[in-house]
Amino acid sequence: PMISLTAGATLVNLHALGSLASVGGDLTVVDNTGLPRCEAEWLRDSIGLQNVVGLVAINGNDPRGVCQ
């Protein structure tokens with residue numbers, strides 16, 4: 001299945017998803033105004049591009065946010 005986290009203004013980190021080992025479709029993290037971009041990148045890197053079957057889309061998140 002795919003993972004889609006879209007337009008979640010209250011989303012601030014993704015560490016609860018840190019145990020994901022693979023994504024059977026697309027990984028989409030877009031338009032989350034309260035989510036630092038580096039959090040989305042952390043999730044992508046934690047899973048590993050080789051473990052995402054579909055496309056990866058990360059954009060529209062907070063570019064100035066600070067990751068934990």
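A disulfide is taken here as a pair of cysteine sulfur atoms within 2.5 Å, and the structure holds one disulfide. The model is predicted, with local features requiring pLDDT of at least 70 and side-chain atom pairs counted only at pLDDT 80 or more, while totals for chains, interfaces and linings use all residues. Residues are numbered from 1 along each chain as its sequence is written, and side-chain values use heavy atoms, with hydrogens and water left out.

**View A. The disulfide between Cys 38 and Cys 67.** The two sulfur atoms of Cys 38 and Cys 67 are 1.8 Å apart, and the torsion about their S-S bond is about 115°, so the disulfide is right-handed. Cys 38 lies in helix α1 and Cys 67 in the segment after β3, so the pair ties together parts that are 29 residues apart in sequence; helices (H or I, at least four residues) and strands (E, at least two) are DSSP runs numbered from the N terminus. Cys 38 is partly exposed at 26% relative accessibility, and Cys 67 is partly exposed as well, at 30%, where buried means under 20% relative accessible area, exposed over 50% and partly exposed in between (1.4 Å probe, protein chains only).

**View B. Strand β2 and its partners β1 and β3.** Strand β2 (residues 27–30) runs parallel to strand β1 (residues 3–6), to which it is joined by four bridges, and four bridges also join β2 to strand β3 (residues 56–59), again in parallel; two strands pair if DSSP finds at least two bridges between them. Thr 28 in β2 is the bridge partner of Ser 4, whereas Val 29 stands opposite Ile 58 in β3. The chain crosses from β2 through α1 to β3 in a right-handed β-α-β crossover, a term that applies if, with the strands pointing away from the viewer, the path from the first strand over the helix to the second runs clockwise.

View C. Not counting residues up to four places away in sequence, Val 29 touches Leu 5, Leu 14, Leu 35, Ala 40, Ala 57, Ile 58, Asn 59 and Asn 61, contact meaning heavy atoms within 4.5 Å.

**View D. Charged residues and salt bridges.** A search of the whole structure finds two salt bridges, each defined by a side-chain nitrogen of Lys or Arg within 4 Å of a carboxyl oxygen of Asp or Glu. Arg 37 and Glu 41 form a salt bridge with their closest N and O atoms 3.8 Å apart; both lie in helix α1 (residues 37–47), four residues apart, about one turn of the helix. Arg 37 is partly exposed at 38%, and Glu 41 is partly exposed at 28%. Between Asp 45 and Arg 44 the closest N and O atoms are 2.9 Å apart, with Asp 45 exposed at 53% and Arg 44 partly exposed at 23%.

**View E. Glu 39 in helix α1.** Glu 39 is buried yet has no salt bridge, and the nearest side chain of opposite charge, Arg 37, is 12 Å away; Lys and Arg count as positive and Asp and Glu as negative, while His and the chain ends are not counted. Leaving aside neighbours within four places in sequence, Glu 39 is in contact with Val 12, Asn 13, Leu 14, His 15, Cys 67 and Gln 68.
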